[in-house]
Amino acid sequence: MSADVSPQVRMANDIAIQFAHLPSRQAAREVANHIKMFWDPRMRAELDGLADSPPQDMDPLALEAARLLRSAGAGAG
């Protein structure tokens, strides 16, 4: 992971690691749920913006979680 990765991507990736043992769809839902429950709306908005053109360092589960949040209307809070 590069040194200039955003804090939101780093944290989303860390969360994704915790759920990586689950089937991918379930894992993405769990990551999205965690972000929705515990992240400040500004942090969710930043992650949502990054999901438009995902950084190379974004975990696929984190990216899918960001997309799930967007489709649920929870990206920006």
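Predicted model: local features only at pLDDT ≥ 70, side-chain atom pairs only at ≥ 80, totals over all residues.

Residues are numbered from 1 along each chain as its sequence is written, and side-chain values use heavy atoms, with hydrogens and water left out.

First, the overall fold. The chain has four helices and zero strands, in the order α-α-α-α along the sequence. Helices (H or I, at least four residues) and strands (E, at least two) are DSSP runs, numbered from the N terminus. The radius of gyration is 11 Å, close to the 11 Å that the globule rule gives for 77 residues, so the chain is as compact as a globular protein of that length. That radius is taken over C-alpha atoms, and the globule rule is 2.2 Å times the number of residues to the power 0.38. Along its principal axes, the C-alpha trace spans about 30 × 25 × 20 Å. Of the 77 residues, 35% count as buried. Buried means under 20% relative accessible area, exposed means over 50%, and partly exposed lies in between (1.4 Å probe, protein chains only).

Now helix α2, residues 24-38. Its 15 residues reach 21 Å from first C-alpha to last, close to the 21 Å expected at 1.5 Å a residue; the expected span is 1.5 Å times one less than the number of residues. Which residues of α2 are buried? They are Ala27, Ala28, Val31, Ala32 and Ile35. These cover an arc of only 135 degrees around the axis, which puts them on the same side of α2. The arc is that of the directions from the helix axis to the C-beta atoms. On the other side, Arg25, Arg29, Met37 and Phe38 are exposed. The cover over the buried residues of α2 includes α1 (7-19), α3 (41-52) and α4 (60-71).

An α-helix has 3.6 residues a turn, so residues three or four places apart point the same way.

Helix α3 next. Its buried residues are Arg44, Leu47, Leu50 and Ala51. Down the axis of α3 they fall within an arc of 120 degrees, so they line one face of the helix. They pack against α1, α2 and α4. The face turned away from that buried side carries the exposed residues Arg42 and Asp52. At the start of α3, a side-chain oxygen of Asp40 comes to within 2.7 Å of the backbone nitrogen of Arg42.

On to the core. The largest nonpolar core has 21 residues, and those with the most contacts inside it are Ala12, Val31, Ile35, Trp39, Leu47 and Met58. The elements giving it two or more residues are α1, α2, α3 and α4, and α4 gives the most, with six residues. Such a core is a set of buried Ala, Val, Leu, Ile, Met, Phe, Trp, Tyr and Cys residues joined through side-chain atoms within 4.5 Å.

Last, one residue. Gln8 is found in helix α1. Is Gln8 buried or exposed? At 13% relative accessibility, Gln8 counts as buried. Leaving aside neighbours within four places in sequence, Gln8 is in contact (heavy atoms within 4.5 Å) with Trp39, Met43, Glu46 and Leu47.

Technical notes
Polar contact = N/O pair within 3.5 Å; in protein donor to acceptor, adjacent residues only side chain to side chain.
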